[in-house]
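Hi everyone, thanks for coming.

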Amino acid sequence: MSIVAQPPVPLTEIWRGPIAESVHLGHAVICGPGGQIVQAWGDPNVQVYPRSSCKMLQALPLVESGAADAAGLGPEHLALACASHNGAAIHTSRVARWIDGLGLAEPDFRCGSHMPKDEETAHALIRAFEAPCQLHNNCSGKHAGFLTLNQQLRGGPDYELFDHPVQQACLRAFEEVTEETSPDYGIDGCSAPNFLTTLHGMGRAMAYFANAQPGTDTRQSAAARLRDAMIARPDLVAGEGRACTELMRACKEPVALKTGAEAFFVAIIPCRGLGIALKVADGADRAAECAIAALLVRLGVLDADHPGARRFMNKTLRSWRGIEAGMIKPAPDLLG
């Protein structure tokens, strides 16, 4: 029996004056403790690249192999392994110390470099006529994790290649926790493989992390450590002003949030045993940030009027003179 694809549905609306000037369509799913769908919008079976939203899955082999403990990694390191950070000093200094402790250096990374999102750091580089290095890459924490695992596996230097033992370990963990065979992969911005799955698969994986109990078995213990590290250090997971960091701080109970490129977003809600995954079809980050905030409000995890929530949901749009001009708000069906 074939599954009929469902079209994307409105998730976020951009209002100006009396009309919705723009509408962002997408798919979203909330999964419960067994991975079952609790609520869905659009098509839960749509194939997706979760992009950086799956970094906690990619970090599972780092922890469950024993490589993290062998390297003396703590919660800060694990939060950075799951991070898409701003490239601020609090991020780059920690990653630099991490790889130095491995006897490695910045050229050992395979993630490439880009200007940091942190404005102070970016402006300092410009004033000094300096180029960013790979430590500034938002994925440098993930790649430090790859390098740590690679030492344990005794693999070659090109750890970012699909057939390398590091990436094969990540693929096995990804497929086992999503409970789906990945049909293919694409190359992420940091040059590592990003595995295809369904939106339901990612929601199922986030529910797994939400329900993982330390001491139950090796994988659940690893998942719980990564989840709790993210919750403990939202500032390392993204950075000041970023949706992951600001919304985690604003939530009324512990929640781990992670964005991914092209408007992907996930949430891990351990107190309720729920996982969320969503994808905005046109890749607009503003829409994904608004939609994840709305789903957290729907579940009672976040107050709609909290200043942190208002940065992304029901956010006022203003003219260049500061005049109120419109609003970014969730589609009515998202809030229930």
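Searching the whole structure for disulfides, meaning pairs of cysteine sulfur atoms within 2.5 Å, turns up zero. Take Cys82: the nearest cysteine sulfur belongs to Cys54 and is 10 Å away, and Cys82 is in no disulfide. Cys133 is in no disulfide either, with the sulfur of Cys111 nearest at 8.8 Å.

A word on where this comes from: the model is predicted, local features need pLDDT of at least 70, side-chain atom pairs count only at pLDDT 80 or more, and totals for chains, interfaces and linings use all residues. Residues are numbered from 1 along each chain as its sequence is written, and side-chain values use heavy atoms, leaving out hydrogens and water.

Are those two cysteines buried or exposed? On a scale where buried is under 20% relative accessible area, exposed is over 50% and partly exposed is in between (1.4 Å probe, protein chains only), Cys82 is buried at 0%, while Cys133 is partly exposed at 24%.

Now the rings. Phe, Tyr and Trp rings (for Trp, the six-membered one) pair if their centres lie within 6.5 Å; planes under 30 degrees apart are stacked, over 60 edge-to-face, the rest tilted. That gives five aromatic pairs. One of them is Phe162 with Phe195, edge-to-face, at 6.4 Å centre to centre and 65° between the planes. Phe162 is partly exposed at 29%, and Phe195 is buried at 1%. Together with Phe174 and Tyr185, these two form one aromatic cluster.
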